[in-house]
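Me: I would like to learn how to read a structure like this one, a feature at a time. Could you walk me through it?

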Amino acid sequence: MLKVYVFNRYGQHLSTVDLLTGVQLYNFTYNVHSYFGRLLKITDAGGQEMTIRRDYKLVARDIWASSCVITFAEEVVISRVCLSVCEQDKWKSGSIS
């Protein structure tokens, strides 16, 4: 699948589009469109959303998805949210690191 990644003038990833069909695969929402913008929500082509909740310092504290909520402390690497739902369950129980 060929994809086009759409960015705004501030370098924020706004969407990912299938080049052949023109279908928007992912849409990214930020709190402001500026260099200081923080990612708030990702929506896929099926309408499923993943929302990032931030504290008053704009630090991400938990991630809400259609089937789960992931809460993390400062020492947890945010890339762990890319795990499948099954892997998230294993991660929460300590089965994977």
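Predicted model: local features only at pLDDT ≥ 70, side-chain atom pairs only at ≥ 80, totals over all residues.

Me: Let's begin with H13: in which strand is H13 found?

Reply: Residues are numbered from 1 along each chain as its sequence is written, and side-chain values use heavy atoms, with hydrogens and water left out. Helices (H or I, at least four residues) and strands (E, at least two) are DSSP runs, numbered from the N terminus. Here, H13 belongs to strand β2, residues 13-18.

Me: How do I read burial, and is H13 buried or exposed?

Reply: Buried means under 20% relative accessible area, exposed over 50%, and partly exposed in between (1.4 Å probe, protein chains only). H13 has a relative accessible area of 18%, so it is buried.

Me: Which partners does the side chain of H13 have for polar contacts?

Reply: A polar contact is a pair of N or O atoms within 3.5 Å; within protein, one must be able to donate a hydrogen and the other to accept it, and residues adjacent in sequence count only if both atoms are side-chain atoms. The H13 side chain reaches the backbone oxygen of S15 at 3.0 Å, and it makes a polar contact with the side chain of T16 at 2.9 Å.

Me: And which residues does H13 touch beyond its sequence neighbours?

Reply: Contact means heavy atoms within 4.5 Å. Leaving aside neighbours within four places in sequence, H13 is in contact with Y5, V6, F7, F28 and Y30.

Me: How do I read strand pairing, and which strands are joined to β2 by bridges?

Reply: Two strands pair if DSSP finds at least two bridges between them. Strand β1 (residues 3-7) runs antiparallel to β2, and five bridges join them; F7 stands opposite H13. On to strand β3 (residues 24-30): three bridges join it to β2, again antiparallel, and S15 has N27 as its bridge partner there.

Me: What do the turns of these hairpins look like?

Reply: The hairpin of β1 and β2 has five residues between the strands, and G11 takes a positive phi near 90 degrees. β2 and β3 form a hairpin with five residues between them, where G22 in the turn has a positive phi of about 80 degrees.

Me: Where does L20 lie, and is L20 buried or exposed?

Reply: L20 lies in the loop between β2 and β3. With 69% relative accessibility, L20 counts as exposed.

Me: Where is C68 placed, and is C68 buried or exposed?

Reply: C68 sits in the loop between β6 (60-65) and β7 (69-71). Its relative accessible area is 11%, so C68 is buried. C68 and M50 are 18 residues apart in sequence and 9.5 Å apart in space, C-alpha to C-alpha.

Me: Finally, how many helices and strands are in the protein chain?

Reply: There are one helix and seven strands, following the pattern β-β-β-β-β-β-β-α along the sequence. Of the 97 residues of the protein chain, 26% count as buried.
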